[in-house]
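Please open the structure in your viewer and keep the sequence at hand.

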Amino acid sequence: MVLLRPASTTYGVDTSQRYIELAFTLGGWNGTTGMENVTVTAPADDLGPPGYYMLHVVTHLGSNLTDRVPSVGQFIYLN
């Protein structure tokens with residue numbers, strides 16, 4: 001799971017750019033409905049300043065960092 005800060009570009013520089021990998025634990029698995037729950041740990045205050053972020057689940061398809069596929073993002077607000 002990752003948080004991405006929406007772009008905020010001024011003169012070609014995005015000073016608020018963020019890509020924050022989040023720690024998470026998987027809950028129980030139900031054969032009928034699938035995953036029951038996922039617990040995500042919020043980033044430290046110095047990594048995630050307040051504001052809007054997009055939360056993505058990233059699937060690793062291989063051993064390379066380029067083999068990552070993000071899900072559709074969901075906007076959340078950190079305060």
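Begin by selecting Tyr77, which is partly exposed, with a relative accessible area of 48%. Please keep in mind that this is a predicted model.

The cut-off for exposed is over 50%. Display both side chains: the structure holds 1 aromatic pair. The ring centres of Tyr52 and Tyr77 are 4.9 Å apart and the planes stand at 65 degrees, so the pair is edge-to-face; that term applies to planes over 60 degrees apart. Because Tyr52 belongs to strand S7 and Tyr77 to strand S10, the pair ties together parts that are 25 residues apart in sequence.

Now select residues 51–56, which make up strand S7. Strand S7 runs antiparallel to S10, and 5 bridges join them. Look at Gly51, which stands opposite Leu78 in S10.

Finally, turn to the largest pocket, which holds about 170 Å³ of space. Among the residues that line the pocket are Met1, Tyr19, Phe24, His60 and Arg68. Strands S2 (19–21), S3 (24–26) and S8 (58–60) each give two or more residues to this lining. By class, the lining has 9 nonpolar, 1 polar and 2 charged residues.

Technical notes:
Residues numbered from 1 in each chain as written. Predicted model: local features only at pLDDT ≥ 70, side-chain atom pairs only at ≥ 80, totals over all residues. Heavy atoms only, no water. 1 Å grid on protein atoms, 1.4 Å probe; cavity = no way out; pocket = protein on both sides within 12 Å on 5 of 7 lines; lining within 4 Å. Points joined across faces, edges and corners; volume = space filled by probe spheres on them. Helix = DSSP H or I, 4+ residues; strand = E, 2+ residues; numbered from the N terminus. Nonpolar A, V, L, I, M, F, W, Y, C, P; charged D, E, K, R; others polar. Pairing = 2+ DSSP bridges. Phe/Tyr/Trp six-rings, centres within 6.5 Å; stacked < 30°, edge-to-face > 60°. Buried < 20%, exposed > 50% of the residue type's maximum accessible area, 1.4 Å probe, protein only.
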